[in-house]
Amino acid sequence: MPGDGIGPEVAQEARQVLELLVPDVEVEERLLGAAAIRATGGPLPEETLNACLRATAVLKGPIGDPEFDAADVRPEQGLLALRSALDTYANLRPASLGEVDMLIVRELVGGLYFGARGTRDDGTVYDTCEYHPRQVERIVRRGFALARSRRSRLTSVDKANVLETSRLWRRIVDETAPRYPDVHVEHVLVDNAAMQLAVDPGQFDVIVTENMFGDILSDLAAAVTGGLGVAPSASLSDGGAGLFEPVHGSAPDLAGRNAANPTAMLRSTALLLEHGLGLRAEADALRGAIDVALATTKTPDLGGTATTAELGAAVREQLAVDAPAAVSYGG
Ligand code: IPM
Ligand code: MG
């Protein structure tokens, strides 16, 4: 799903890279978000949902359009419904630069995004944050397992000094910890976590947190490691198709100018190759090619003048030069 705003421009680069690395890949393109509302009246057409449910992996560009900010039917509702339908509860948001190398593991299908909401008779508007223990257990287990596969440090972020759901979260982290005795666990309150991320991001390995905190902290983590233009994500379920998408939004002001940075979308494609298709060598080759291309070919957000298409082409050239073996594995 190319998505909205800059989506189609960055998605086109991703598709070309994917087809280069995996020549026999079958790609189906579908509408989601504002593009889908315009074409069908709804943000997640049945055709799109069914294609995603059938797919081995799902790649999506950013969605959202200010045109629908005040509407009852909004692009973001389609994305939330899709995440929920695929049950992609584990959202992996890696952020690295130099000494900084962290992975935010964000719960993606619960909490404030999915709780009861509405308007009371007196005009009060409410959203509620709800978590069932099972929803917390499965994401916390993922966090521990991922920490174990990295540097074995897990930071659990909550607001347990105020929220019931956070006290549940903290209790489950503490109950899970003995099963991962090799993982060092630390609890950090979300406000403090934001400050620590800004002043000393290098201290973190894996951060596990609930949906809304993870949304906010992952933008901050992206900002301290090169910006939103380079931040990818993988959303995984237990056994179903994963959903791979950049952390950034649709940047309507930048759309149609061939100026958006396709890196986040390309890195999301690398995560799709690794987690969605099980093609680790191709994923590594793509990540390496992106790094090399970025050293000389920078889009405006990184202080350069390269266009979206130029950076995409530089990545493909590098793939052909640098990893012809990886390029041919796909066939
Ligand atoms: C993200 C985005 C989405 C979210 C929006 C578009 C609904 O900000 O993936 O971080 O809040 O999850
Ligand atoms: Mg966000």
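Mentor: Gladly. In this predicted model, a polar side-chain atom of R93 lies 2.8 Å from an oxygen atom of ligand 1.

Trainee: What makes the pair between R93 and the oxygen atom of ligand 1 a polar contact?

Mentor: A polar contact needs N or O atoms within 3.5 Å. The distance for R93 is 2.8 Å, so the pair counts. R106 has a polar side-chain atom 2.9 Å from an oxygen atom of ligand 1, and for D215 the value is 2.8 Å.

Trainee: How much of ligand 1 does the protein cover?

Mentor: On its own, ligand 1 has 320 Å² of accessible area, and the protein covers 79% of that.

Trainee: How do you know which residues surround ligand 1?

Mentor: A residue needs a heavy atom within 4 Å of the ligand, so that cut-off picks out E76, R83, R93, R106, Y113 and D215.

Trainee: What kinds of residues make up that shell?

Mentor: The shell around ligand 1 has 5 charged residues, 1 nonpolar and no polar.

Trainee: Now the pockets. How do you know where there is empty space?

Mentor: Rolling a probe the size of a water molecule over the atoms shows where empty space is left. In this model, the largest pocket holds about 790 Å³ of space. Its lining has 29 residues, and P94, A95, S96, R267 and R287 lie nearest the centre. Two or more lining residues come from each of β2 (90–97), β3 (100–107), α9 (263–276) and α10 (280–296). By kind, the lining of the largest pocket divides into 14 nonpolar, 6 polar and 9 charged.

Trainee: What is the volume of the second largest pocket, and which element gives the most to its lining?

Mentor: The second largest pocket has a volume of about 670 Å³. Helix α1 gives the most to its lining, with 5 residues. The lining has 27 residues, with E26, V27, E28, A57 and L59 nearest the centre, and it divides into 17 nonpolar, 3 polar and 7 charged.

Trainee: Why is the pair R30 and E47 called a salt bridge?

Mentor: The rule asks for a side-chain nitrogen of Lys or Arg within 4 Å of a carboxyl oxygen of Asp or Glu. In R30 and E47 the closest N and O atoms are 4.0 Å apart, so the pair is counted. R30 sits in the loop between α1 and α2 (34–40), while E47 is in helix α3, 17 residues apart. By this rule the count comes to 27 salt bridges.

Definitions and conventions:
Residues are numbered from 1 along each chain as its sequence is written. Chains are lettered from A and ligands numbered from 1 in the order in which they are written. This is a predicted model: local features need pLDDT of at least 70, side-chain atom pairs count only at pLDDT 80 or more; totals for chains, interfaces and linings use all residues. Side-chain values use heavy atoms; hydrogens and water are left out. A polar contact is a pair of N or O atoms within 3.5 Å; within protein, one must be able to donate a hydrogen and the other to accept it, and residues adjacent in sequence count only if both atoms are side-chain atoms. Accessible areas come from the Shrake-Rupley method with a 1.4 Å probe; for residues, only the protein chains shown count as cover. Ala, Val, Leu, Ile, Met, Phe, Trp, Tyr, Cys and Pro count as nonpolar, Asp, Glu, Lys and Arg as charged, and the others, Gly among them, as polar. On a 1 Å grid over the protein atoms alone, a cavity is a set of points where a 1.4 Å probe fits but cannot get out, and a pocket is an open set with protein on both sides within 12 Å along at least five of seven lines; lining residues have an atom within 4 Å of a point. Grid points are joined across faces, edges and corners, and a volume is the space filled by probe spheres set on the points. Helices (H or I, at least four residues) and strands (E, at least two) are DSSP runs, numbered from the N terminus.
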